[in-house]
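Thanks for coming, everyone. Please have a look at the screen, and then I'll walk you through it.

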Amino acid sequence: MTLPEPAVQPTRYVVSCLPPDDINGAAFNISVEYRGRSLWAVVRLGSCLNAAGQWSYESIPSGREDDWLAEHRFDLETALKLAKEAAPHVTVNGYTVADALRMADE
């Protein structure tokens, strides 16, 4: 029996204004993660971004209502666009992206 070629599917993208090798980069990351049925979520620290740019806690799957899912799931193009729009506004312990970039240059 010949086995089929393994399938490869990207399931996560990382969006950040900091360079990938920045020591603080991971803290400022936003993820775009595949959630099935051709839909993606914009995720950071257990929260999901909605189309209005607001972050909401992402409960366990059985606790997510259809209306919540409709507001927090997107096609890939839209999810990446929203993540790119949100990335410059990430703050970590009161530090902005601009602060982190400035500290990296010092």
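I'll start with the sheet, move on to the helices, and finish with the salt bridges. Keep in mind that this is a predicted model.

Now look at β2. This strand covers residues 30-36 and runs antiparallel to β3, residues 39-44. Five bridges join the two. Take one example: Val 32 has Val 42 in β3 as its bridge partner. The hairpin of β2 and β3 has two residues between the strands. In that hairpin, Arg 37 takes a positive phi near 55°.

β2 also pairs with β1. Four bridges join these strands, again antiparallel. Arg 12 has Glu 33 in β2 as its bridge partner. Remember those two names, please.

Is β2 largely enclosed or largely open? Five of its seven residues are buried, so the rest of the structure largely encloses it.

A general point about strands. In a regular strand, side chains alternate between the two faces of the sheet.

Helix α3 spans residues 97-105. Which of its residues are buried? Val 97, Asp 99 and Ala 100 are. Viewed down the axis of α3, the buried residues fall within an arc of 160°, so they line one face of the helix. What covers them includes β7, residues 95-96.

Last topic: charges. Side chains of opposite charge can pair when their charged atoms come close. How many salt bridges are there here? The count comes to seven.

Let's follow Glu 58. Its side chain meets that of Arg 35 in a salt bridge, 2.9 Å from N to O. Glu 58 sits in the loop between β5 and α1, while Arg 35 is in strand β2, so the pair ties together parts 23 residues apart in sequence. Glu 58 is buried, with a relative accessible area of 12%. Arg 35 is partly exposed, at 30%.

Glu 58 also forms a salt bridge with Arg 64. There the closest N and O atoms are 3.6 Å apart. Another salt bridge joins Glu 58 to Arg 73, with the closest N and O atoms 2.8 Å apart.

Now the names come together. Salt bridges that share partners join Arg 12, Glu 33, Arg 35, Glu 58, Arg 64 and Arg 73 into one network.

One more look at Arg 64. It is placed in the loop between β5 and α1. A polar atom of the Arg 64 side chain lies 2.7 Å from the backbone oxygen of Ser 59. Leaving aside neighbours within four places in sequence, Arg 64 is in contact with Glu 58, Ser 59, Leu 69 and Arg 73.

That's my tour. Thank you.

Note on methods: Residues are numbered from 1 along each chain as its sequence is written. This is a predicted model: local features need pLDDT of at least 70, side-chain atom pairs count only at pLDDT 80 or more; totals for chains, interfaces and linings use all residues. Side-chain values use heavy atoms; hydrogens and water are left out. Two strands pair if DSSP finds at least two bridges between them. Buried means under 20% relative accessible area, exposed over 50%, partly exposed in between (1.4 Å probe, protein chains only). The arc is that of the directions from the helix axis to the C-beta atoms. Contact means heavy atoms within 4.5 Å. A salt bridge is a side-chain nitrogen of Lys or Arg within 4 Å of a carboxyl oxygen of Asp or Glu. A polar contact is a pair of N or O atoms within 3.5 Å; within protein, one must be able to donate a hydrogen and the other to accept it, and residues adjacent in sequence count only if both atoms are side-chain atoms.
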